[in-house]
Amino acid sequence: MTDKIIVNGMVLSATPVGDYDKRIVLLTKERGKITAFAKGARRPKSSLLAGTRPFVFGEFTVYEGKSAYNIISVEIRNFFDELVHDLEGAYYGFYFLELADYYGRENVDAADMLNLLYQSFRALINPNIDNQLIRRIFELKIMTQNGEYPEMFECIVCHKKDNIFHYSMQSSGCVCLNCIDKRAGIIKISESVRYTFQYVISSDIAKLYTFVVTPDVMREFSTIMDRHMRQYIDKEFKSLQLLKGI
């Protein structure tokens, strides 16, 4: 057996393998997204049974094989069991895991993405924050971490920072009054929505889930995010489809 490695991470997905094993996808702080096998994890008395299911956050002791890692033990830090009894919250959680899996890469520093995922799950179990707002903040911030955020700080044509009250859906950025005719798909954008985008894009993760918005701002925020994501993400997320059915 090769040397043991300790990684801190969260289980993104777990798939049955054979009679008793599991194939686990982890987002880890130290090594990004990795695949690991948990032998015997589906046996009722396995020490890996509880720690190898989605939503589990903890410390994983593994060793590296030829094409995947193998899990030796798990020290669980959080189960997020509150979501087990909250169907809507659970679906949002699975959606966040899918989105993290989409953006996750192996052998990269994923500390920020892991922190975002963890803090977003903490927000989901907070009854004082609307799940729809949590979703939009998570989507925008994970896209920001990957350099795919809309330009909300200056005009995408002339780079001026004044009088940018319009947004180009096709170019994913604000446009000033003088440059409206130079971009397609223009809509008017409220100052409150532009500020919301700016705040999420630029704020530390710890400060993301500390505000609320009006229903009008939420609708506008969601409309822009839906269009922006369609431009950059070429995948249908199963959990998002289930959410729409609630």
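How far apart are Glu139 and Arg136 in helix 3, in residues and in helical turns? They are 3 residues apart, which puts about one helical turn between them.

The model is predicted; local features need pLDDT of at least 70 and side-chain atom pairs pLDDT 80 or more, while totals for chains, interfaces and linings use all residues. Residues are numbered from 1 along each chain as its sequence is written, and side-chain values use heavy atoms, with hydrogens and water left out.

**View 1. Salt bridge between Glu139 and Arg136.** The N to O distance is 3.0 Å; a salt bridge is a side-chain nitrogen of Lys or Arg within 4 Å of a carboxyl oxygen of Asp or Glu. Glu139 and Arg136 are both buried (under 20% relative accessible area; exposed is over 50% and partly exposed in between, with a 1.4 Å probe and protein chains only). The count for the structure is 11 salt bridges.

**View 2. Salt bridge between Asp226 and Arg135.** Here N and O are 3.9 Å apart. Asp226 belongs to helix 5 and Arg135 to helix 3 (residues 131-145), so the pair ties together parts 91 residues apart in sequence. Helices (H or I, at least four residues) and strands (E, at least two) are DSSP runs numbered from the N terminus. Asp226 is partly exposed at 29% relative accessibility, whereas Arg135 is buried at 10%.

**View 3. Aromatic pair of Phe80 and Phe121.** The structure holds 15 aromatic pairs, taken as rings of Phe, Tyr and Trp (its six-membered ring) with centres within 6.5 Å; planes under 30 degrees apart are stacked, over 60 edge-to-face and the rest tilted. Phe80 and Phe121 are tilted, at 5.2 Å centre to centre and 55° between the planes. Phe80 lies in the loop between strand 5 (69-78) and helix 1 (87-103) and Phe121 in helix 2 (residues 111-124), so parts 41 residues apart in sequence are tied together. Both residues, Phe80 and Phe121, are buried.

**View 4. Aromatic pair of Tyr95 and Phe237.** This pair is edge-to-face, with 5.6 Å between centres and 75° between the planes. Tyr95 is in helix 1 and Phe237 in the loop between helix 5 (215-232) and helix 6 (238-244), so the pair ties together parts 142 residues apart in sequence. Tyr95 is buried at 0% relative accessibility, and Phe237 is buried at 4% relative accessible area.
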